[in-house]
Amino acid sequence: MPVDARILNGKTVAPLAAARSFVEKIRKPAHILVAISGGSDSTGLLLALHEAAADKGRDEVRVSAVTIDHGLRAESADEAEKVSLLCADLDIAHATRRWDGIKPVSGISEASRLARYRLIAEVARKIDADFIATGHTIGDQRETVAMRAARSGGEDNPGLSGMADAVLYDGHHWVVRPFLTCERQAIREFVSSRSRGWFDDPSNENTRYERVRVRQSLPDAPVQIDTEAAAKRQALSEKTAIFLSEHLEVFHAVLARFPDSAIRCDLPEFRHGLATIIATLGGRAYLPAANSMARVLQFLKTGENGRATIGRVLLDRRRDGLYLFREHRNLPELRVEAGDEAFWDDRFLLKNGSAFPAHVMAAGCVDAAAALFPSVPVGVAKQAMAILPQITAPAAGSISVEGAVTIVPRLAPFDLFLPRFDLELADAVANLFGRPAYPQPPV
């Protein structure tokens, strides 16, 4: 098993020390679900957390484990079985889940990642784990910063903050990274010191993948992690949360208004808040690209009334302020079966609690617009009314689904993956869109 020869530096922490520090800080009692692939990082994490938890006793800290077999290599099932044997030897409850079904031809890394988190979360729910722990290291952090810097090198690039030490998945499960200050070499030495081994995934050397190419280039061009970047990103998110709470109005989760006095393109919190609201109203998981935002900001700087579009969202600058709402094109129609739930237009989650299928489409009638949006111009109100979801039964008038189908706004930039950096901003947006606050992290 080859060892990463990167030299340790004074800002890294020994694996067992990191685990013990982490266990000291978490709320207790705690049930930790460790995601272990069998590689050195996740194996080291399991061993270190197992030892740190033993110091506290099972009543205070309990460790379970889960392995996801992606089904992409012939050896993966055997490796998952060997991880299960390791856990049995340590008296740690272990579950294996396999990613079945047809795998995509392209985008396999992202598809694998999404499948992995989905399957891990299913196990976390089943065993009632308080949170999930993964073995990401400072080496992973360097690679992440390098990749994001290559995509956008501007100072405003939030990706330069790297990975957060905690991320909320699917609005329910906190995923924590206790080893984010640990070097891979130190983790491997720790695993070896416990007379344990690990598996090396050959895909980690496959240059088809961007992360592998970046990893192989780092020894020749080392990336210095800006230790202030995470703090800067969190500070911006917090200032943006305050700015939006004080200046933005949101109507029925489809229409937003900045008063003219709040349109301050020179303020980072306005720019970040504007990008966040555009992504939310447009049902987009990612904020608009820098060049697209530059175009919109240039339009706003003129101070003239007019319109601009970005990320499926129309910006309508009027005398009394800036209105933002989803464009009318390509609005979908959706059938939600009885007892099922589904996303409509990536902006709303619909849960059909009736005994009948429900049909969802954009509202066709705008006669009630003035009553529903009484404080906005009539033209804007009609456009906002037309992008609300409308629910009907399969046969008009035959049955009623009123009250049986619930509609919840989806906050696309935050609902699937929410880094701790952005928690306060996400809570501010949730409040504006009529959603409850997100759960707090365990540490």
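The legends below describe close-up views of a predicted model.

Because the model is predicted, local features need pLDDT of at least 70 and side-chain atom pairs count only at pLDDT 80 or more, whereas totals for chains, interfaces and linings use all residues. Residues are numbered from 1 along each chain as its sequence is written, and side-chain values use heavy atoms, with hydrogens and water left out.

View 1. An unreviewed UniProt entry lists Ser37, Gly38, Gly39, Ser40, Asp41 and Ser42 for "binding site"; UniProt positions are given in the numbering used here, feature names are shortened, and annotations may be inferred rather than shown by experiment. Ser40 lies in helix α2 (residues 40-56), and Ser42 lies in helix α2 as well, where helices (H or I, at least four residues) and strands (E, at least two) are DSSP runs numbered from the N terminus. Ser40 counts as buried at 5% relative accessibility, and Ser42 is buried with a relative accessible area of 7%; buried means under 20% relative accessible area, exposed over 50%, and partly exposed in between (1.4 Å probe, protein chains only). The side chain of Ser40 makes a polar contact with the side chain of Asp41 (3.4 Å), and a polar atom of the side chain of Ser42 lies 3.0 Å from the backbone nitrogen of Ser37. A polar contact is a pair of N or O atoms within 3.5 Å; within protein, one must be able to donate a hydrogen and the other to accept it, and residues adjacent in sequence count only if both atoms are side-chain atoms.

**View 2. The open sheet of three strands, in the order β13-β14-β17 with antiparallel pairing.** β13 (341-344) and β17 (405-409) stand at the edges with a single partner strand each, so one side of each is left without a neighbour in the sheet. Two strands pair if DSSP finds at least two bridges between them; here four bridges join β13 to β14 (residues 348-352), and five bridges join β14 to β17. Phe343 has Leu349 in β14 as its bridge partner, Ala342 stands opposite Leu350 in β14, and Leu350 in turn has Ile407 in β17 as its bridge partner. In the hairpin of β13 and β14, which has three residues between the strands, Asp345 takes a positive phi near 60 degrees. Four of the five residues of β14 are buried, so this strand is largely enclosed by the rest of the structure.

**View 3. The aromatic pair of Tyr117 and Phe417.** Rings of Phe, Tyr and Trp (its six-membered ring) pair if their centres lie within 6.5 Å, and planes under 30 degrees apart count as stacked, over 60 as edge-to-face and the rest as tilted. The count by this rule comes to eight aromatic pairs, among them Tyr117 and Phe417, which are edge-to-face at 5.2 Å centre to centre with 75 degrees between the planes. This pair links distant parts of the chain, with Tyr117 in helix α4 (residues 108-127) and Phe417 in strand β18 (residues 417-419), 300 residues apart. Tyr117 is buried with a relative accessible area of 10%, and Phe417 is buried at 19%. Ring pairs link Tyr117, Tyr169 and Phe417 into a cluster.
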